[in-house]
Amino acid sequence: MKGQLLCDGRARALVKWLCLGLMLFASAAYAGSFSCAISSASGISLAYDPSNPTQTVGTGTVAINCQKSGGNSATVYYELGINGGVNLQGAQSRARNGAAAINYNSWRDNGYSQVWNDISSNRIKGSLSSTSSSTIYVNYYISIPASQTAAAGNYLDTQSAVLYQGFSASAASTDISPTSQTFGVSLSVANKCVLSSPPGNVNFSYTSFQKNQSTANTSFAVTCQNNTSYSMALDATSGTLLGLNYSLSLSQSGTQTGNGSAQAATINGVMPGNQAGTCNAASCTASQARTLTISY
């Protein structure tokens, strides 16, 4: 009959043997076992300067070790996520020092545009096709936004990298038994003060034997890390110009405490009256250099 395949017993046996052979061949691709786990996760340790106008960045590495046996040739798919840390606030990772905190972010790329978290679409993904055991090294990236108010000290967090795996991308995405590895995040803020607005000149105007004292001043500003103790001093608080005595003083004395913002102060000058001076011309000028020191 046209279109009909007739087989005798031997032909049917051959077909069965071929089917069985194909089934065994398909199974052979998955022969042996496999197991992947995070063997190490390097922590992040960064120095953070709140006065720096640009973000602070760093790189870490997670090592994934996959053990295969029995000539397993199947491709293993993996997804690597991160839980956000123990100080998570909403979706924001934070490193803490007591009640104080510094925000930081985790990324999959060194362009700091691909968020890294434990949502499947935001995990680091890859695959392994080797028939032998292999170790895969995966980089991740941390950024600390600029201009955060932070006191000097060490800020700490503990993150967990989470590994999902399977014989297909979808199986890895839905792995219900992931493995994990913790790693530390350490952000250090050093005591620091800067003369954010330097002083100008203290300019006296004086006429010989004038009755009243002459006064002059100049302002400046100091910016210190939050809760940083500092003090200010002049190298000399008195001097003589053209035979005229003068004195200098600071508007702020003793120990000050920084708040992360510019703190204003003034250098005040006094030149007492009734001084003759040594100027023998219609007018004279003279100057001396003084040094302002900020100690913290």
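Which strand gives the largest share of the lining of the largest pocket? In this predicted model, the answer is S15, which contributes three residues. The strand spans residues 244–250, and S15 and strand S17 (262–271) each supply at least two residues of that lining. In total, 35 residues line the largest pocket, and those nearest its centre are Val202, Asn203, Phe204, Leu241 and Ala286. The space within this pocket amounts to about 780 Å³.

The largest nonpolar core comprises 33 residues, and the members that touch the most other members are Val62, Ile64, Leu80, Ile102, Tyr155 and Leu187. Among the contributors to this core, strand S8 (residues 134–144) gives the most, with five residues. A second, separate core holds 17 residues, including Val222, Tyr230, Leu244 and Leu250.

Ile102 shows how a member of the largest core is surrounded. With residues up to four places away in sequence left out, its contacts include Tyr155 and Leu187, which are also listed with Ile102 among the members that touch the most others.

The structure holds four aromatic pairs. In one of them, the ring centres of Trp116 and Tyr140 are 5.2 Å apart and the planes meet at 35°, so the pair is classed as tilted. Trp116 belongs to the loop between strand S6 (100–107) and strand S7 (124–128), whereas Tyr140 belongs to strand S8, so this pair ties together parts that are 24 residues apart in sequence. Trp116 and Tyr140 are both buried.

Tyr140 also pairs with Phe183, again in a tilted arrangement, with 5.1 Å from centre to centre and 40° between the planes. Here the link runs between distant parts of the chain, from Tyr140 in strand S8 to Phe183 in strand S10 (residues 179–189), 43 residues apart. Together, Trp116, Tyr140 and Phe183 form one aromatic cluster.

A further aromatic ring takes part in an arrangement with a charged residue. Arg123 lies over the face of Tyr164, at 3.7 Å from the ring centre.

Notes
Residues numbered from 1 in each chain as written. Predicted model: local features only at pLDDT ≥ 70, side-chain atom pairs only at ≥ 80, totals over all residues. Heavy atoms only, no water. Core = buried A, V, L, I, M, F, W, Y, C linked by side-chain atoms within 4.5 Å. Buried < 20%, exposed > 50% of the residue type's maximum accessible area, 1.4 Å probe, protein only. Helix = DSSP H or I, 4+ residues; strand = E, 2+ residues; numbered from the N terminus. Contact = heavy atoms within 4.5 Å. Phe/Tyr/Trp six-rings, centres within 6.5 Å; stacked < 30°, edge-to-face > 60°. Lys NZ or Arg CZ within 6 Å of the ring centre and 35° of its normal. 1 Å grid on protein atoms, 1.4 Å probe; cavity = no way out; pocket = protein on both sides within 12 Å on 5 of 7 lines; lining within 4 Å. Points joined across faces, edges and corners; volume = space filled by probe spheres on them.
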